[in-house]
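Open the model in your viewer and keep the selection tool at hand. The tour goes stop by stop.

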Amino acid sequence: MTLRDAATYVLELPAAEQEHPAWRLAIATLIDAAEGRDFLMHARIAVIRALNRNQPAPARVKQEDWRDRWRAKRDGIGR
């Protein structure tokens, strides 16, 4: 997808949708990226967030670290 494709998509959105804060941020970062004032990755992230703003946040999986293994071993629970 190019910046032009993203701009075309945003322009085809209804006016009320374009006024949503997530889309306003996406539009601003797209313009800044096109003019060389911001990174393309920031524009990509803003557009993805605007597209997925109604989706629930993914559940975070707690990663076990060495302290968890040490505590389990110390308490006789683990491996």
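Which backbone oxygen lies 3.0 Å from a polar atom of the side chain of Thr29? It is the backbone oxygen of Ala26. Keep in mind throughout that this is a predicted model.

**Stop 1: Thr29**

Select Thr29 and show its side chain. Thr29 sits in helix α3. Is Thr29 buried or exposed? Thr29 counts as buried because its relative accessibility is 10%, and the cut-off for buried is under 20%. Now display its surroundings. Beyond the neighbours within four places in sequence, Thr29 is in contact with Asp38, His42, Ala43 and Ala46.

**Stop 2: the nonpolar core**

Next, select Ala6, Val10, Leu13, Ala22, Trp23, Ala26, Leu30, Ala33, Ala43, Ala46, Val47 and Ala50. These 12 residues form the largest nonpolar core. Colour by helix. At least two residues of this core come from each of α1 (3-12), α3 (21-34) and α4 (40-51). Which helix supplies the largest share? That is α3, with 5 residues.

Ala26, whose backbone oxygen you met beside Thr29, belongs to this core. So do Ala43 and Ala46, both of them contacts of Thr29.

Stay in the core and pick Ala22. Which residues does Ala22 contact, leaving aside its neighbours within four places in sequence? They are Ala46, Ala50 and Arg53. Of these, Ala46 and Ala50 are core members too.

**Stop 3: Arg24**

Move along helix α3 to Arg24. Show side chains here. The side chain of Arg24 makes a polar contact with that of Glu19, at 2.7 Å. Not counting residues up to four places away in sequence, Arg24 touches Gln18 and Glu19.

Now draw a distance from Arg24 to Ala50, C-alpha to C-alpha. The two are 8.9 Å apart in space and 26 residues apart in sequence.

**Stop 4: the largest pocket**

The largest pocket holds about 200 Å³ of space. Select its lining: Met1, Thr2, Leu3, Ala6, Leu30, Leu40, Met41, Ala43, Arg44, Val47, Ile48 and Leu51. Helices α1 and α4 are the elements that give two or more residues to this lining. The largest share, 7 residues, is from α4. Colour by class.

**Stop 5**

How much volume does the second largest pocket have? The figure is about 150 Å³. Select Leu3, Ala7, Val10, Leu11, Ile27, Leu30, Ile31 and Ala34 to show its lining. Here α1 and α3 are the elements that give two or more residues. Colour by class again. The lining has 8 nonpolar residues, no polar and no charged.

Finish on Leu30. Leu30 is part of the largest nonpolar core. Leu30 lines the largest pocket, and Leu30 also lines the second largest pocket.

Terms used: Residues numbered from 1 in each chain as written. Predicted model: local features only at pLDDT ≥ 70, side-chain atom pairs only at ≥ 80, totals over all residues. Heavy atoms only, no water. Core = buried A, V, L, I, M, F, W, Y, C linked by side-chain atoms within 4.5 Å. Buried < 20%, exposed > 50% of the residue type's maximum accessible area, 1.4 Å probe, protein only. Helix = DSSP H or I, 4+ residues; strand = E, 2+ residues; numbered from the N terminus. Contact = heavy atoms within 4.5 Å. 1 Å grid on protein atoms, 1.4 Å probe; cavity = no way out; pocket = protein on both sides within 12 Å on 5 of 7 lines; lining within 4 Å. Points joined across faces, edges and corners; volume = space filled by probe spheres on them. Nonpolar A, V, L, I, M, F, W, Y, C, P; charged D, E, K, R; others polar. Polar contact = N/O pair within 3.5 Å; in protein donor to acceptor, adjacent residues only side chain to side chain.
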